[in-house]
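Dear colleague,

I am handing over the structure below, and after it you will find my notes on what turned up when I went through it. Please read them with the model open beside you.

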Amino acid sequence: MSLGSNKVLDESKQGDATLIDAGPDNGKKLYLESYGCQMNFSDSEIVASILAESGYRTTRNPEEASLVLLNTCSIRENAEQRVRNRLNHFNNTKKKNPELLIGVLGCMAERLKAQLLEEEKLVDIVVGPDAYRDLPGLLEEVTDGRKAVNVLLSREETYADISPVRLNSNGVTAFISIMRGCDNMCSFCVVPFTRGRERSRDPESIVREARYLYQEGYREVTLLGQNVDSYRWNVSKKGDVIDPAKETVNFAQLLEKVALTAPDLRIRFSTSHPKDMTDEVLHTMARYDNICKYIHLPVQSGSSAVLKRMNRGYTREWYKNRIDAIRRIMPDCAISTDIISGFCGETDAEHAETVSLMKETEYEFAYMFKYSERPKTLAERKFTDDVPEEVKQARLEEIIAVQNESSLKRNRASVGKTFEVLAEGVSKKSDDKLFGRNSQNAVMVFDRGDIIPGTYVRVKATDCTSATLMGEVVKG
Ligand code: 5AD
Ligand code: SF4
C-alpha cells in the first residue's frame, strides 16, 4: 500500500512486466497489465510464472507482444470502464497484427464471463482468478479464431506451490498471498462473487516464500488477503481442529512465524477486518520490532445504521473499541482506512457520523470512494442507489478534505523525530534523493549519498507535506 496523497484509489495504476530470462522460450512474448488491488498485482506474478513455464517471456513493450493479458478489477464501475477502453485500444492494434491474442483475467473475467467473448468480441481468452493453471492449455485451444474460457471458482486453489515471478520488482519489497476469496458478503462488494470462497494457504509454503525472498535480498514482505484476520490453517470455519496430528495456525501465529524468518525482514499485512481483528494479533505485532506498526482497518462508514445496511458485522462503537485497543497496545501504530461515501440511503446525519469518526480517529491515511452499485450484490438486490451523484461527490470531497487535514497533522507531529527507514529506491522527483518508508508506512525522502536500496537508514524528519516526510540521514 503506497502512501500517496489522500485520494480516490487509482484503479488505472498499471503494472507492466519486466523481462524474465530463465526457463524455456517459445519465442512468444507476454505483455501483462494489472488493475485494482494488491491481490491482482500478486496474482499477475503467479500468471507470469505459470506462463514462463510454457515458454512465454514477459515484455514491457506491448508492440512486441503476441499475447496481451489484462488482470482486471470489478470493484467499481469506473475500474471496469478503464479496462474496456484498454481492450478497445488493443483491438485496434490487433487489426494491424491479427496474430495478437488478447485475454482478460481476474474479477471482470469472472463477472462478465462469456459476455466479453461473445457479445462484445473484445477478447480471445477469459480466465477467472482460480483458473490460472489452465492458461497454457487454454492458449493452445485459441487457434483459428476460436475462443477459450475458464471461470470456474475453486474451494481449494491457493497457488501455494507456485513461485511467483517478481514483476516490476524493486528487489526490496514483495507481496505474499496468504489466502484467497472472501466469505464476508459486505452488501456493496462484488469480491465474494468474483473471487469465490475464502481459503487459506499452507503456512509452511508462506514461510518458505518469505525465507526465499529474504535470501534473494528482499527486506519487506506484505502478507495479502481480503480479510487476513480470518486466516486459519487446519481449523474448520466453526473452529474445530481438522487433523489433530497437525498444528493449527491462526493469523497471529502466522505473523509470528514469518517474523521469525529474520529480524531484519519487515512484515506488513493487508487487509484487516474490524469485526475479526483480535488483541492477540496486536500483541504479536507489539512483540516483534520487524512487524511494522501499521494497520489498514477499513471502516467504510461511521454510522452504525449504514454499517448494518452494509452488512459489515460491527457497529461504530465496536470499531472505536478496536481503535482504542490498537492505541493501547501499540501507541506508535499508524492506522489507515477505506471509506465509501453515498451508500444506499445515507442521510446527511449519517454522513456527518463518518466525518466525526474520522476527526476522532485522525487516520494517517485513507482511501475514499463514491459508492458504485455492483450487479448481483446484496445492496443491488435489497436497496436503492438513491444518493444523487452530486451529493456523493460533495460528501467525498468533504471527507477527502478532512483526511488531508489529519494526514498533515499526523505528519507534522512526526517532524523532529527519527525513524528507521527501509530505503526502497530513487525518489521520483530527484535522482539525488532516495525514498523509503518508516515502520508506520509514511513515505520519507532523504539524500541518496552512498546508500543502497534495501538497506536500513535512520532518518530524522525535518519537514513534511500531507503525503511525505522530508528528512536527513542520521549517522551512527
Ligand atoms: N463502491 C465503492 N467502493 C467500494 N469498495 C468496495 N466495493 C465498493 C463499491 N461497490 C471499496 C471499499 C473496500 C475497498 C477495497 O473498495 O471501501 O474496502
Ligand atoms: Fe468485499 Fe467485505 Fe470481503 Fe472486503 S471483507 S472483500 S469489502 S466482502
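Tyr159 sits in the loop that runs between strand E6 (148-150) and strand E7 (173-177), and in this predicted model its phi is positive, at about 55 degrees, although the residue is not a glycine. With a relative accessible area of 1%, Tyr159 is buried. Asn168 is found in the loop between E6 and E7 as well, and Asn168, also a residue other than glycine, has a positive phi near 50 degrees. Asn168, however, has a relative accessibility of 33% and therefore counts as partly exposed, since that class covers what lies between 20% and 50%.

A further backbone feature is the cis peptide bond that joins Ser270 and Thr271, for which omega is about 10 degrees. Thr271 belongs to the loop between strand E13 (266-270) and helix H9 (279-287).

Turning to the interior, in soluble globular proteins nonpolar side chains tend to be buried together. The largest nonpolar core of this model has 66 residues, and those with the most contacts inside it are Leu223, Phe251, Met285 and Ile295. Helix H8 (residues 251-259) supplies the largest share of this core, namely six residues. There is also a second, separate core, which has 25 residues and includes Leu101, Ile125, Leu135 and Ile162.

On the side of H8, the contact is made by Phe251, Ala252, Gln253, Leu255 and Glu256, while H9 contributes Glu280, Val281, Thr284, Met285 and Arg287. Sorted by class, the residues in the contact of H8 with H9 are five nonpolar, two polar and three charged. Two residues of this contact, Phe251 of H8 and Met285 of H9, are also listed among those with the most contacts inside the largest nonpolar core.

With best wishes

Note on methods
Residues are numbered from 1 along each chain as its sequence is written. Chains are lettered from A and ligands numbered from 1 in the order in which they are written. This is a predicted model: local features need pLDDT of at least 70, side-chain atom pairs count only at pLDDT 80 or more; totals for chains, interfaces and linings use all residues. Side-chain values use heavy atoms; hydrogens and water are left out. Helices (H or I, at least four residues) and strands (E, at least two) are DSSP runs, numbered from the N terminus. Buried means under 20% relative accessible area, exposed over 50%, partly exposed in between (1.4 Å probe, protein chains only). A nonpolar core is a set of buried Ala, Val, Leu, Ile, Met, Phe, Trp, Tyr and Cys residues joined through side-chain atoms within 4.5 Å. Contact means heavy atoms within 4.5 Å. Ala, Val, Leu, Ile, Met, Phe, Trp, Tyr, Cys and Pro count as nonpolar, Asp, Glu, Lys and Arg as charged, and the others, Gly among them, as polar.
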